[in-house]
Amino acid sequence: MEEFYGLMADKVLSLEKLNRLKIHEFKILPEICRVCGVCIKTCPYQAVIDRGREPPVIDRTKCDCCGLCYAVCPYNAIVFTNVSGGG
Ligand code: SF4
Ligand code: SF4
């Protein structure tokens, strides 16, 4: 497993890969999240669960790994992990 934190410069390219491969698991880091709600409104699959004043969480059963939440988070609080095992 390999984790990527704040790869701002590669976001667009990464998203293209993510859409094709869907081998990533997205998660929200509660210690960084400011609960701005942008990811909740942006997710096309309603996979980001609104928890009120608590940081939202991503429902893996709904997440399609499109990467939009990762791209739009103003605080880089969303990270993704490669779960393919092969990189
Ligand atoms: S966009 Fe980022 S900071 Fe805002 S609620 Fe989502 S994870 Fe938290
Ligand atoms: S990666 Fe896409 S589908 Fe998954 S939670 Fe983020 S915006 Fe929603």
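The following legends describe close-up views of a predicted model.

Residues are numbered from 1 along each chain as the sequence is written, while chains are lettered from A and ligands numbered from 1 in the order in which they are written. Because the model is predicted, local features need pLDDT of at least 70 and side-chain atom pairs count only at pLDDT 80 or more, whereas totals for chains, interfaces and linings use all residues.

**View 1. The chain and its confidence.**
The chain holds three helices and five strands, where helices (H or I, at least four residues) and strands (E, at least two) are DSSP runs numbered from the N terminus. Along the sequence, their pattern is β-α-β-α-β-β-α-β. The mean pLDDT (the predictor's confidence in each residue, from 0 to 100) is 83, and 71% of the residues reach 70 or more. Over residues 1–9, pLDDT stays under 50. Where pLDDT is low, the predicted coordinates should not be read in detail.

Of the 14 residues around ligand 2, Cys43, Ala47, Cys63, Cys66 and Cys69 come nearest. This shell comprises eleven nonpolar residues, two polar and one charged.

Strand 3 (residues 48–51) runs antiparallel to strand 4, and three bridges join them; strands pair if DSSP finds at least two bridges between them. Valine 48 stands opposite isoleucine 58 in strand 4. Two residues lie between the strands of the hairpin, in which glycine 52 takes a positive phi near 70°.

**View 2. Cysteine 69 and the largest nonpolar core.**
This core has 16 residues, and is a set of buried Ala, Val, Leu, Ile, Met, Phe, Trp, Tyr and Cys residues joined through C-beta atoms within 7 Å. A residue is buried if 20 or more other C-beta atoms, placed from the backbone, lie within 10 Å of its own. Phe26, Cys69 and Ile78 have the most contacts inside the core, and helix 3 gives the most to it, with three residues. Contact requires C-beta atoms, placed from the backbone, within 7 Å. Beyond four places in sequence, cysteine 69 touches Phe26, Cys39, Thr42, Cys43, Val48 and Ile78.

Methods:
Near = placed C-beta within 6 Å. Nonpolar A, V, L, I, M, F, W, Y, C, P; charged D, E, K, R; others polar. Contact = placed C-beta atoms within 7 Å. Buried ≥ 20, exposed ≤ 12 C-beta atoms within 10 Å, placed from the backbone.
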